[in-house]
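Subject: Handing over a structure, with notes on its domains

Dear colleague,

I am passing on to you the structure we spoke about, with the sequence alongside.

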Amino acid sequence: MSKFLNDRYQSLCVYTPGEQPRDQVYVKLNTNESPFPAAPQVVAAIGEKELQDLRLYSDPTCKPLLEKLAQTYHVTPENVYVSNGSDDILNFAFMAFSGTPGRVIFPDITYGFYQVYADLYQIEAKKIPLSEDFSVDYRDYCHQDSMIVLANPNAQVGRALPRRQMEEIIATNPDHVVLVDEAYVDFGAESCVPLIQKYPNLLVVQTFSKSRSLAGARLGFAIGDQALIADLNRLKYSTNPYNINRLTMAAGVAALDAAAYYEANCRKIMAARDYAAQALEGLGFTVIPSQANFLFAAHPQVSGMDLYTELKRRGILVRHFEEPRIRNFNRITIGTMEQMQLLVGTISDILGGSL
Ligand SMILES: *Cc1c(COP(=O)(O)O)cnc(C)c1O
């Protein structure tokens, strides 16, 4: 840290992304990426011309992308905002909608970035513990006194609330923004997008990083009331108007045209998830029911850390968190069926071995 850094940033606890080791080739089941490549249309969309045109600024209005998203989600382009990854939208939402003094509510076990943004903007974070079985009790979030942020399906855990319970939360907090982070919604949960016409306090955030195989392109979007979207644009035009680069813009439009390809991939991932959940339960694991592209699992005989370490030694990366409540668990991204079979075989070997 230099002596020049402003005082208020000196004690920041930054977000720790999942590891990306380069020492060997791993089966990467630690950052919830898709095991499938981008759609052929996406690859074809980035050709010589787009590369030549990189000398020009990208379109700050992102018009083609907004129109395509609006068409896909049955809203108007004025209901849509796009950003350089959905983390960027979370950043703006914490900055913009947490009130003065800033307050926000989210579960104790959820996406780690929420706490980081709260710290960054000196927002008081009230963390509501998940139930014993790691579910969100929607009643805990009704009639609250500040902005609410809920990942649905919930990050790390994978459980999702049905839309009618989400609606209760949104309807009972009309004076506060309810941000629903739907990074994993395409793997079987109910989206809140159909509620945006009804609730001006609802902001739904999604990403191309998981179900659409574009984590490296950095593309996220928000859907909500026009006034909320205008607020996000106000911040964008005060920081970085060209927030989507030309290649990502082309990739995003093409990805929305490849819906059938990505839906088929999601079905494959859900089938591999069901297989892996059953197989792990068969090996004695507690597996939290997941509607996301990962499983959250713990074994009574092997600590979370030991399993993580042994899998890594054998070339499989999973995500381990050291928070006390979940340190016995690992979060395992769902890959291809072959990768899941390899995972289950390897774990079976570890459990039968001398660990
Ligand atoms: C992956 C993830 C994000 C971030 O997605 P990007 O669009 O890649 O920034 C946001 N929220 C949750 C819950 C996630 O799991």
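This is a predicted model: local features need pLDDT of at least 70, side-chain atom pairs count only at pLDDT 80 or more; totals for chains, interfaces and linings use all residues.

The protein chain is divided into domain 1, made of residues 7-37 together with 260-352, and domain 2, which covers 40-258. The contact between them draws on 33 residues from domain 1 and 37 residues from domain 2, while the C-alpha centres of the two domains lie 24 Å apart.

As for the extent of the interface, domain 1 and domain 2 bury about 2,800 Å² between them, and 61% of this area is on carbon and sulfur atoms. On the side of domain 1, Y262, Q291 and R325 together supply 28% of the area buried against domain 2, which is more than any other three residues give.

Polar contacts across the interface join 13 residue pairs, with both residues of each pair at pLDDT 80 or more.

Turning to the elements on the side of domain 1 that touches domain 2, α9 (259-282), β10 (294-298) and β13 (329-333) each supply at least two residues, and α9 gives the most, with seven residues. By residue class, this side of domain 1 divides into 21 nonpolar, six polar and six charged residues.

With best wishes

Notes
Residues are numbered from 1 along each chain as its sequence is written. Side-chain values use heavy atoms; hydrogens and water are left out. Domain bounds come from an automatic or database domain assignment. Contact means heavy atoms within 4.5 Å. Buried area is the accessible area (1.4 Å probe) that two parts lose on being put together, summed over both. A polar contact is a pair of N or O atoms within 3.5 Å; within protein, one must be able to donate a hydrogen and the other to accept it, and residues adjacent in sequence count only if both atoms are side-chain atoms. Helices (H or I, at least four residues) and strands (E, at least two) are DSSP runs, numbered from the N terminus. Ala, Val, Leu, Ile, Met, Phe, Trp, Tyr, Cys and Pro count as nonpolar, Asp, Glu, Lys and Arg as charged, and the others, Gly among them, as polar.
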